[in-house]
Amino acid sequence: MTDLMKWFDTRRSPVDLIERLFEGETGTSAIRVEELVDGNTLVVRAELPGIDPEKDVDVTVSDGVLAIKAQRQEKKEHKEKDSYRSEFRYGSFVRRLPLPNGVQQADVTASYKDGVLEVRAPLPDQGQEAAASKIPITRG
């Protein structure tokens, strides 16, 4: 079923359609994350159950943005098509998060355990950041 056909599937309830609208489902779904600071390290945890992190996940840092991309493959084993129901999401998932200034790509690490991807990025020392400089305002 194409993505457009999924939106107009008459078997779906109106509540399901509203939920899909607010979740932003447009073919590539967002990955749910939580962010926290642990000491001087930014920690991002991403919910990725049922995924092989070595084959199906890419974590990259580019231009100050952390990108988490994942792919979940659907296994087709439905014996009775009319009685099958699944709320699992399959396909491509992407989440992009801005990183604080000064985070070094080489220092970012990632690990996967119990369906959760954890990305750790050491934060730069506050003393290393350039002092803010005042910008003069001219009158026109």
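**Fold, sheet and core of a predicted model**

From the N terminus on, the elements of the chain in this predicted model run α-α-β-β-β-α-β-β-β-β-β.

Reader: Which strands stand at the edges of the open sheet of four strands?
Author: The open sheet has the strand order 2-3-8-7, with antiparallel pairing. On average, neighbouring strands in this sheet are turned by 20° against each other, direction ignored. Two of the strands have a single partner strand each, so one side of each is left without a neighbour in the sheet. These edge strands are strand 2 (33–38) and strand 7 (109–113).

Reader: Is Thr41 buried or exposed?
Author: Thr41 is found in strand 3. Leaving aside residues up to four places away in sequence, Thr41 touches Leu36, Arg120, Ala121, Pro122 and Leu123. Residues under 20% relative accessible area count as buried. Because the relative accessible area of Thr41 is 13%, Thr41 is buried.

Reader: Which residues have the most contacts inside the largest nonpolar core?
Author: Nonpolar side chains tend to be buried together in soluble globular proteins. In this model, the largest nonpolar core has 19 residues. The elements giving two or more residues to this core are strand 3 (41–47), strand 4 (57–62), strand 5 (65–72), strand 6 (91–98) and strand 8 (116–122). The residues with the most contacts inside the core are Leu48, Leu66 and Ile68.

Reader: Which residues does Leu66 touch, not counting residues up to four places away in sequence?
Author: Leu66 is one of the residues with the most contacts inside the largest nonpolar core. With residues up to four places away in sequence not counted, Leu66 touches Val44, Val59, Thr60, Val61, Arg95, Arg96, Leu97, Leu99 and Val119.

Reader: What percentage of the residues of the chain count as buried?
Author: The accessible surface of the chain comes to about 11200 Å², and 50% of this surface belongs to carbon and sulfur atoms. Of the 140 residues of the chain, the buried share is 22%.

How values were computed:
Residues numbered from 1 in each chain as written. Predicted model: local features only at pLDDT ≥ 70, side-chain atom pairs only at ≥ 80, totals over all residues. Heavy atoms only, no water. Core = buried A, V, L, I, M, F, W, Y, C linked by side-chain atoms within 4.5 Å. Buried < 20%, exposed > 50% of the residue type's maximum accessible area, 1.4 Å probe, protein only. Contact = heavy atoms within 4.5 Å. Pairing = 2+ DSSP bridges. Axes fitted to C-alpha atoms, helices over the stretch in contact; angles between N-to-C directions. Areas by Shrake-Rupley, 256 points an atom, 1.4 Å probe, with all protein chains shown as cover.
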